[in-house]
Amino acid sequence: MLNLTNLGKRFGTQWILRGLNLQVASGECVALLGPSGCGKSTALRLIAGLEAPDEGTIQLDGTLLNRIPAERRRIGMVFQSYALFPHLSVWDNLNLGLRIRGVTKAERMERIGAVLETVQLTVQAEQRPHQLSGGQRQRVALARALLRDPQLYLLDEPMSNLDAQLRDELRPELRRLILQGPQPVLYVTHDQQEAMALANRIAVIRSGRIEQIGTPEELYKSPASSFVAGFIGRPQINLLDDGQDVTLGIRPEDLRFDPEGIPCRIINREWQGSSQLLLLDTPRGTVRMLCAGDAAWSEPFGVRWSKAAEHRFDTRSGQRLQP
């Protein structure tokens with residue numbers, strides 16, 4: 001298990017990360033999700049030993065890592081950039097780390113051959129990075145992490161440089177190669193769809209602190225704050241002023257056509273095949289509505305939602321109000 005207790009890091013007088021408490025169990029994937037600059041990557045650098053924490057502890061399987069140098073931590077890290085040597089072949093990129101760690105030639109041959117077969121790159125072993133697709137280069141980076149035989153995997157936005165189709169293709173590979181193993185996995189991303197698709201639990205971070213942690217379903221159905229509600233779910237939730245310092249959250253898919261509902265007119269329409277996203281002008285402000293792709297209507301029309309679909313937040317604190 002990975003155990004972070006009151007972990008904090010500051011640069012000068014500014015705290016980038018503070019009071020971070022998180023446990024990641026064996027075989028579990030936890031995603032750190034949040035906007036740029038919230039402290040996600042800083043947390044990974046502290047765990048990897050690339051930065052020293054200013055407070056708190058990092059434990060892995062009961063061993064305190066704070067004073068253990070990065071090269072002695074058995075951690076497999078996959079970066080946003082592939083970090084491959086452009087002048088070396090796939091084989092040589094994988095061989096370099098093993099050779100530096102003093103692994104025998106016979107063992108290197110065996111382990112590299114096995115991992116290349118696992119990531120389905122045996123045919124590309126003698127090619128250089130510029131000859132590979134983005135997905136293949138990221139699989140080389142995953143193979144390098146696998147070769148470390150780590151106790152923990154740290155993944156720092158490993159698919160952000162890939163286009164949407166390649167990300168969709170690589171997700172099953174990532175799950176097969178790493179996420180189904182016995183090691184804990186900490187996955188940093190700003191893409192909530194990626195986090196919801198891959199993680200067992202998600203920790204939403206805001207300004208260096210965890211705003212809420214839970215399963216993707218828990219965060220979607222019961223967001224602890226208007227910040228979490230706005231960060232989880234696409235299309236984004238509607239946040240409306242409900243008076244008396246209350247902000248009302250309504251998911252776009254929970255809106256229904258109703259001639260007796262709130263009057264509205266269409267500002268924009270995006271047809272997405274099986275669904276369409278409507279941007280509506282209403283007396284309550286601009287509202288997003290998700291409806292069936294074959295839905296038809298005539299203006300003027302109205303929309304409504306059920307009381308059960310409402311999420312209510314305190315406008316000043318942003319915290320969820322209990323029903």
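Ala, Val, Leu, Ile, Met, Phe, Trp, Tyr, Cys and Pro count as nonpolar, Asp, Glu, Lys and Arg as charged, and the others, Gly among them, as polar. By that scheme, the lining of the largest pocket has 14 nonpolar, two polar and five charged residues. This is a predicted model: local features need pLDDT of at least 70, side-chain atom pairs count only at pLDDT 80 or more, and totals for chains, interfaces and linings use all residues. Residues are numbered from 1 along each chain as its sequence is written, and side-chain values use heavy atoms, without hydrogens and water.

**Whole chain**

**Largest pocket**
- A pocket is an open set of points on a 1 Å grid over the protein atoms alone, where a 1.4 Å probe fits, with protein on both sides within 12 Å along at least five of seven lines.
- The largest pocket holds about 660 Å³ of space, a volume filled by probe spheres set on points joined across faces, edges and corners.
- Its lining counts 21 residues (an atom within 4 Å of a point).
- F79, G97, R101, R144 and R148 lie nearest the centre of the pocket.
- β6 (75-78), α2 (90-100) and α4 (134-147) each supply at least two lining residues.
- α2 gives the most, with six.

Terms used: Helix = DSSP H or I, 4+ residues; strand = E, 2+ residues; numbered from the N terminus.
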